[in-house]
There are 2 protein chains.
Amino acid sequence: MKIYNYKNLNKEEVKKLFTRPAQNNFKVEKQVRKILSEIKNNGHTAVLNYAKKFDGLKSNSIVISKKEIFEQSKRIDKKLKKAIDDAYFNIVAFHKPQLRSNYKVETLEGVLCERKYLPIENVGLYIPGGSAVLFSTLLMLGIPAKLAGCKRIVVCSPIKNNFNPALAYAAKKIGIDEFYSVGGAHAIGMLAYGTEEVKKVDKIFGPGNQYVTLAKTLVSIDSSGCLIDMPAGPSEVMVIADKFANPIYVAADLLSQAEHGTDSQVILLTNDIEFAKSVDMEVELQLKKLERKNIAEQCLQNSSIVIVEDIEQALTLSNEYAPEHLILNIKSYKKYVPKVKNAGSVFLGSYSPESVGDYASGTNHSLPTYGYAKAISGVGVDSFMKSISFQTLTKKGIKNISSTVIEMAEAEGLQAHANAVKVRIKNGN
Amino acid sequence: MKIYNYKNLNKEEVKKLFTRPAQNNFKVEKQVRKILSEIKNNGHTAVLNYAKKFDGLKSNSIVISKKEIFEQSKRIDKKLKKAIDDAYFNIVAFHKPQLRSNYKVETLEGVLCERKYLPIENVGLYIPGGSAVLFSTLLMLGIPAKLAGCKRIVVCSPIKNNFNPALAYAAKKIGIDEFYSVGGAHAIGMLAYGTEEVKKVDKIFGPGNQYVTLAKTLVSIDSSGCLIDMPAGPSEVMVIADKFANPIYVAADLLSQAEHGTDSQVILLTNDIEFAKSVDMEVELQLKKLERKNIAEQCLQNSSIVIVEDIEQALTLSNEYAPEHLILNIKSYKKYVPKVKNAGSVFLGSYSPESVGDYASGTNHSLPTYGYAKAISGVGVDSFMKSISFQTLTKKGIKNISSTVIEMAEAEGLQAHANAVKVRIKNGN
C-alpha cells in the first residue's frame, strides 16, 4: 500500500487522497434508461425477456413459490443454519428497540396533535446474485422490514436456476412470500413501475452493480412514486489505529474490505510510521493467500496509509470523509467515541473487526457510502416506516388558535387560509 | 367544480382523476443544469451574478448580517409578533418529543451494540420569496433543525432588497446566524457545492418554484454529497366529508388549498350528492371574494368532487392517492382514523381546517406530496438527524461470535471477512 505523510501533502493531494471515484458512466446510463422505458411500456413481457437475456432464466416464470423456498431451505448445511439462526437473533435484538411509540401533545387547550408511526405498506428488497450470494443482505433488509410491519415484502434476486439453500432459508426464516427470480435494472423497473404480474412497491432497498444502482437513482426521481433506501457508492472502510494495535488484525480488516470489489476504498490513518510499515508488510503476506486476491490487489492500488500527527487529527479527517465503516483500533478509543460525528457503523477496540457487523453483531450492514453518512443513517426499522401527523380541534380549540392563524395567514397574503378559520368562528360560535 | 360519480367511472377515468400533473419540463431542466454547472465552476462570482440577474439583488453582497436580522425584526407588527411567538411555542411542543434516546444492547455476551442519534452538522433551509413571504416555512424548518442540534443552519431566501420584518423576526427567534439573500436554482447550487464564500451543506430543505425543486433533485443525485428533504410536487388536499359537515367550512378548506397555486390539487370525496352540490355552490360564492381568485379559479379547473359509495370507499381511494393533506370532516371520524394508512398530515372533525396545521397547531407543514406519503414522512426532528451504530467486542465476545461470522462469510465466498475474525481468535486466545 502507498504510505503518505499527511503533513507533507498539499491541499490538492489531500483532496485527491480522500476523493471517491466518480460514478458517472454514460454508456451504462443509456442502457439503463432503455431498460426502464421498456419495462414501463411493455410490462411483464419485457421483464421476462430481460430475465432470460441477462439473468440466464430458463423457466417461463419469474415466480419463486413459497413451496420452492420451503423445499430449498431444507437443503441448507446444518452449521450454516445455526449461524443464520444466531445472526437473526442478534439482528432482531438490536433492531427491535428502534420501533417508536405514537405520541400526543395538546399544544393549546382544545388543539390535540398526534404523531403516528406506520409501516410502508409495499417494499422491494433487491438481493444481488453476482459473484457472491448475499443471503446476509436479505437478513439485514428483511428483518427490519418485518419488525416495521410492512404488509408486502417483495424480494428480487437473479437466482440463475440455482436457488442457494442459505438464501432460501433466510427467506423462509424472515417469512418472505413474494420472491421473484429477476435481477438487474429490469428488476428495479418492475418494482418501481409495477407490471400486470407484479404490483409496484413504494420503496426499494438493497445494493447492486452499477446497472442496479443507477436504475434505483433514476426511478427515485422520475415521478414513479417509488423511493429508494439511499444513494449508491462503492463500499469503504477507514481504520484509525495506533501503535498499540496488532498489525495482523489491522491488515486483515483492510483486506476484508478490499476483497469486496475493485472499486472499494480502504484507508488507514495512523500516527506511527513503524506501525504503518508493519501493517503494509502484513497486508502483503495475507493477500497472497486470498481466493479473491485479484480483486483485493486492484482495490489496494487505490488505497492508502496516511500518517497523521495524532489521533485527534485522524478523527477530524474521518468526520470530513464520513466513512461507511470506521474502525477505531486505538488503545483509548473510549475517549474518542464522542468525537465521531459522521460514519455509518463504527467498530471499537482490538476485537471488533468490520466483518462481525457485516454478519452477526446485530447492527445493520446496509450503510451510507460516498460521504452520505453526513446526512443519512444506515438501514434500520425507521427506513421501513413513515409517520403521519393528526390534529383534532374542538370548538374551543379553533377559537383559541384563531387569531394566531388569521394573523399569520394574512401577513403571508393567504386570505383563503384565514377564511377557513374565520367561517368556523363565525358559524360555530 | 366538476362532480363525478365514482361508480360511473371506468378504470381509465379514475386513473386520470387521481393523477397528479406531470412535472417534466425540458426547457427548465436545460436552464437549471446550466446554472448549476456555472455555480460549480465559477463559485461565488456566478452566485452573485445570478442573484443580481434573477433575484434583483442591488447590493454587492449576499450576506444578511445578524445585525440586519436584529434591526429588521424590530419592525414587526405587534400582533403578528405575538402570533409568531404562539405558533413557535406550539411547534416546539409538538416537535420536542421526536428527539430520540441512544440505546445499547448486548446482543451476545461480550458483543455490545449501540445506536446513537446525532444532528446533521450543516443544513440549508430554502425559503421562497415569490408572491408570498413564507416566514411560516422558516419556523417549520428552523425549529426542528435547532431541536435536532444542527451546528450550522444556513438560510437562503431572495429577499429582494426588502427584508420582511416577520421573516427577520422568525430568523431571530430561531437563532439563525447565517442568512443569504439568494434564491432560485443558484441558491441550491451554492448550498450543495459550496463556494469560496459559503461552505457547502449536507442536506437542503424547503419548497420552491420549479427551478428550485428541479435543482434540488439534480444536486441530490450528482455525487455532490448533498441530500434533500423530499421529492417535489405541487401542494394538495383531499377532503372526505359526509352530510353532517358544514358546506361552508368544506368550501373554505378547498379554497385555502386552491389559492396556493394554479397547479395545486383539490379533491373532495363525499357519499352525499346533495352535500356535494351545496359545497360546489359555496365554493362559487366564496371564490368571488378572494384576492387570489385567479389562482384559485385555475386550480379548481383541475380539481373535482367525487361521489363515493361510502366513507369506507373514500378511505381506500385516499390511501391509494396518499394526499399531502387529508381532512376527515365526517361525524364518526374516530372510527376511520385507524384506517388512514398514507397521508402527510390529517385534520379531524369539523373544527380542524388545514390552515391551522399550515401555521400554528404545532405539526409541520413541510409534507410529502405527489403520493410520496406512502413512503416518507413530513419534515420533523428526524429529518435533521442521522444515526450511527457502534459495536465493541471483548476477547470473549469475538470468541462467542466467531463461528457464526466465519460460517456465514465462507458461505458467501468472502474469505478475508472470515480471516479478520480468525486472526483474532488465533492470536488473542
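**Close-up 1. Phe163(B) is a buried residue in this predicted model.** Its relative accessibility is 8%, so Phe163(B) falls under the 20% limit for buried residues. Phe179(B) is buried too, at 1% relative accessibility. Over all chains, the count of aromatic pairs comes to 14. In the Phe163(B)–Phe179(B) pair, the ring centres are 5.3 Å apart and the planes meet at 70°, so this pair is edge-to-face. Phe163(B) sits in the loop between strand E6 (152–156) and helix H6 (165–174) of chain B, while Phe179(B) belongs to strand E7 (residues 178–180) of chain B. The pair therefore ties together parts that are 16 residues apart in sequence.

**Close-up 2. Two lysines of chain B lie over aromatic rings.** Lys173(B) is placed over the face of Tyr88(B), 4.8 Å from the ring centre. Lys331(B) has its charged end over the ring of Phe244(B), at 4.7 Å from the centre.

Close-up 3. The whole structure holds zero disulfides over all chains. Cys150(B) has a relative accessible area of 6% and is buried. Cys156(B) is buried, with a relative accessible area of 0%.

Definitions and conventions: Residues are numbered from 1 along each chain as its sequence is written. Chains are lettered from A and ligands numbered from 1 in the order in which they are written. This is a predicted model: local features need pLDDT of at least 70, side-chain atom pairs count only at pLDDT 80 or more; totals for chains, interfaces and linings use all residues. Side-chain values use heavy atoms; hydrogens and water are left out. Rings of Phe, Tyr and Trp (its six-membered ring) pair if their centres lie within 6.5 Å; planes under 30 degrees apart count as stacked, over 60 as edge-to-face and the rest as tilted. Helices (H or I, at least four residues) and strands (E, at least two) are DSSP runs, numbered from the N terminus. Buried means under 20% relative accessible area, exposed over 50%, partly exposed in between (1.4 Å probe, protein chains only). A charge sits over a ring if NZ of Lys or CZ of Arg is within 6 Å of the ring centre and within 35 degrees of the ring normal. A disulfide is a pair of cysteine sulfur atoms within 2.5 Å.
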